[in-house]
Amino acid sequence: MHSVAPDANMKATPQDKAAPSSALAILQDCRGIASRRLPSLLYEVLKQIKSELMEIAPSTQKYELFALYREALDITQGRWSLIESRFRTHLLDLFDQEVRNAPKAAKKVLRTDSGDDFKLMDADDLEESLAVNTIANAIKSVCINELMALNPRMGTLLKDPEFQRRENPISPEILGSALMVTLSELEGSTKAKLVLVPMLSKYFPSRA
């Protein structure tokens, strides 16, 4: 994960005016750098994913698996600009949400009833939630030193050192969420999109 440097062209939004001006300026610099660097990485990542899918698809002996790999390839084929644009949009939306400490949208979670039964997430929602964790953990494992330096600084800027009320707005979880929301908006089955998750986990962290 690259370090962030100031970007003098970023301006404060009305919602941010209550924040200390110096901290806000640094956060806006981070936002600008993230919006430029991170989405642009997807072009190279998607090229690597395309090469891997084209290599493994013909070698599989099962038609169902071959069809799944082909669908995963079709999901990204010719949509690289769209994926980059939507990832940027979702990344910035999530960044702004954490900086403003806005209430998060209600999410389905595992809950217990009065007895011992569980109300489970829908299967697709659960798989997508696990996929976010897979990508986030992959980024953490590669960028552990950078995150150790970044997290305390972000916590100080947000006046939430322990991240009790919000997350680091460019945390691995935020990046994983932005990637999965982007994938969820593309045409194709959830199974085919989940084929892309281990590949994103392999190639994206090394470039983040």
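**Figure 1. Cys-30 and Cys-143 in a predicted model.** Cys-30 counts as buried because its relative accessibility is 5%. Buried means under 20% relative accessible area, exposed means over 50%, and partly exposed lies in between (1.4 Å probe, protein chains only). Cys-143 is also buried, with a relative accessible area of 1%. The structure holds zero disulfides, a disulfide being a pair of cysteine sulfur atoms within 2.5 Å. This is a predicted model, in which local features need pLDDT of at least 70 and side-chain atom pairs count only at pLDDT 80 or more, while totals for chains, interfaces and linings use all residues. Residues are numbered from 1 along each chain as its sequence is written, and side-chain values use heavy atoms, with hydrogens and water left out.

**Figure 2. The fold and its elements.** The protein has seven helices and two strands. Helices (H or I, at least four residues) and strands (E, at least two) are DSSP runs, numbered from the N terminus. Along the sequence the pattern reads α-α-α-β-β-α-α-α-α. Of the 208 residues, 41% count as buried. Among contacts with a separation of 6 or more, 72% join residues 24 or more positions apart. Contact here means heavy atoms within 4.5 Å.

Figure 3. Helix α1 covers residues 21–56, which is 36 residues. At 1.5 Å a residue it should span 52 Å, and its end C-alpha atoms are 52 Å apart, so the two agree. The expected span is 1.5 Å times one less than the number of residues. A kink of about 25 degrees is centred on Ala-34. The bend at a residue is the angle between axes fitted to the seven residues ending there and the seven starting there.

**Figure 4. The largest nonpolar core.** This core has 51 residues. Those with the most contacts inside it are Ile-49, Leu-53, Phe-87, Leu-91, Met-180 and Phe-204. Two or more residues each come from α1, α2 (63–76), α3 (80–100), α4 (123–142), α5, α6 and α7 (190–207). Helix α1 gives the largest share, 11 residues. A nonpolar core is a set of buried Ala, Val, Leu, Ile, Met, Phe, Trp, Tyr and Cys residues joined through side-chain atoms within 4.5 Å.

Figure 5. Leu-91 sits in helix α3. It counts as buried because its relative accessibility is 1%. Beyond four places in sequence, Leu-91 touches Ala-34, Leu-38, Ile-174, Leu-175 and Ala-178. Leu-91 and Thr-182 are 91 residues apart in sequence, yet 9.5 Å apart in space, C-alpha to C-alpha. With neighbours within four places set aside, Phe-87 contacts Leu-38, Pro-39, Leu-42, Leu-175, Ala-178, Leu-179, Thr-182 and Phe-204.

Figure 6. Lys-159 is found in the loop between α5 (144–157) and α6 (172–184). Lys-159 is not a glycine, but its phi is positive, about 55 degrees. At 58% relative accessibility, Lys-159 counts as exposed. Phe-163 lies in the loop between α5 and α6. Its phi is positive at about 50 degrees, although Phe-163 is not a glycine. Phe-163 counts as partly exposed, at 22% relative accessibility.

Figure 7. The protein averages a pLDDT of 82, and 79% of the residues score at least 70. pLDDT is the predictor's confidence in each residue, from 0 to 100.
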